[in-house]
Amino acid sequence: MSKIVNFKVLSGIAALLFVAATCQPASAQSAGSYVDFLNGGASAGASANGQWKFAKSKSSSKNGTNFGHGFGVGAGPNGISLSNSIGVGGKGVGGIGHNLNMTIGRNGTHVSHGGVTSQGNGRIYTGGNTGVRNTGMQRGQVYGGSTSTGFGNRTRAWSNSRTRYWNR
């Protein structure tokens, strides 16, 4: 079974790279996602830009448990961008969330990720975005970032970001 899953993942990545390599220049590539739990409810969102784009989000609150997931991917001639945020929690218990954002572009790469844990009736939020700039003097540069916050007892939030440019 795991060989089938690995094949599907690898074939999906190969398809995205093929699309990115064969697209005509027209728009920037970017992706973003978030998860937000507040007052016993859950929300999630995702966005994507590019000649090939996919964005999907899902949130639910059932029996006191919140779940949220946002996923976006955008690809085009200048690279590929991916953003994924996920979280779970419950009213009175707290929550946990994590996000990952990644761009591989012609001129560099960007990776950022963050997370948050909180206990009690607090709020958690985690999300981020990434992409390749399409206009101005920074055209072609990769960018991105991650945000994770929480309000409650024993809240811990963290975020890391790294951008690397080629030929610098």
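From the N terminus on, the elements of the protein chain follow the order α-β-β-β-β-β-β-β-β, which amounts to one helix and eight strands, where helices (H or I, at least four residues) and strands (E, at least two) are DSSP runs numbered from the N terminus. This is a predicted model, in which local features need pLDDT of at least 70 and side-chain atom pairs count only at pLDDT 80 or more, while totals for chains, interfaces and linings use all residues. Residues are numbered from 1 along each chain as its sequence is written, and side-chain values use heavy atoms, with hydrogens and water left out.

**Confidence**

- The mean pLDDT of the protein chain is 83, and 83% of its residues reach 70 or more; pLDDT is the predictor's confidence in each residue, on a scale from 0 to 100.
- Confidence in the protein chain is lowest in helix α1 (residues 2–22), with a mean of 51, and highest in β4, with a mean of 94.
- Over residues 19–26 pLDDT stays under 50, and for this stretch the model has 14 contacts beyond four places in sequence, a contact being heavy atoms within 4.5 Å.

**Chain-level totals**

- Of the 168 residues in the protein chain, 36% are buried, on a scale where buried means under 20% relative accessible area, exposed over 50% and partly exposed in between (1.4 Å probe, protein chains only).
- The protein chain exposes about 9,600 Å², of which carbon and sulfur atoms supply 55%; accessible areas come from the Shrake-Rupley method with a 1.4 Å probe, and for residues only the protein chains shown count as cover.
- Among contacts between residues at least 6 apart in sequence, 57% join residues at least 24 apart.

**Aromatic pairs**

- The structure holds two aromatic pairs, where rings of Phe, Tyr and Trp (its six-membered ring) pair if their centres lie within 6.5 Å, and planes under 30 degrees apart count as stacked, over 60 as edge-to-face and the rest as tilted.
- The ring centres of Y34 and Y125 are 6.1 Å apart and the ring planes stand at 15 degrees, so this pair is stacked.
- F54 is partly exposed with a relative accessible area of 38%, and F71 counts as partly exposed at 21%.

**Strand pairing and positive phi**

- Strand β1 and strand β2 (residues 41–49) run antiparallel and are joined by nine bridges, where two strands pair if DSSP finds at least two bridges between them.
- V35 stands opposite A44 in β2.
- The hairpin of β1 and β2 has two residues between the strands, and within this hairpin N39 takes a positive phi near 50 degrees.
- N63, which is not a glycine, has a positive phi of about 55 degrees; N63 sits in the loop between β3 and β4 and is exposed, with a relative accessible area of 75%.
- R154, another residue other than glycine, has a positive phi near 50 degrees; R154 is placed in strand β8 (residues 142–165) and is exposed, with a relative accessible area of 68%.

- H110 lies in strand β7 and is buried, with a relative accessible area of 0%.
- The side chain of H110 makes a polar contact of 3.1 Å with the side chain of S112 and another of 2.8 Å with the side chain of T163; a polar contact is a pair of N or O atoms within 3.5 Å, where within protein one must be able to donate a hydrogen and the other to accept it, and residues adjacent in sequence count only if both atoms are side-chain atoms.
- Not counting residues up to four places away in sequence, H110 touches several residues, including M102, T130, Y143 and T163.
- M102 lies in strand β6 (residues 94–105) and counts as partly exposed at 32% relative accessibility.
- Not counting residues up to four places away in sequence, M102 touches I80, S81, L82, H110, V111 and T130.
- The C-alpha atoms of M102 and Y143 are separated by 9.3 Å, and these residues are 41 residues apart along the chain.
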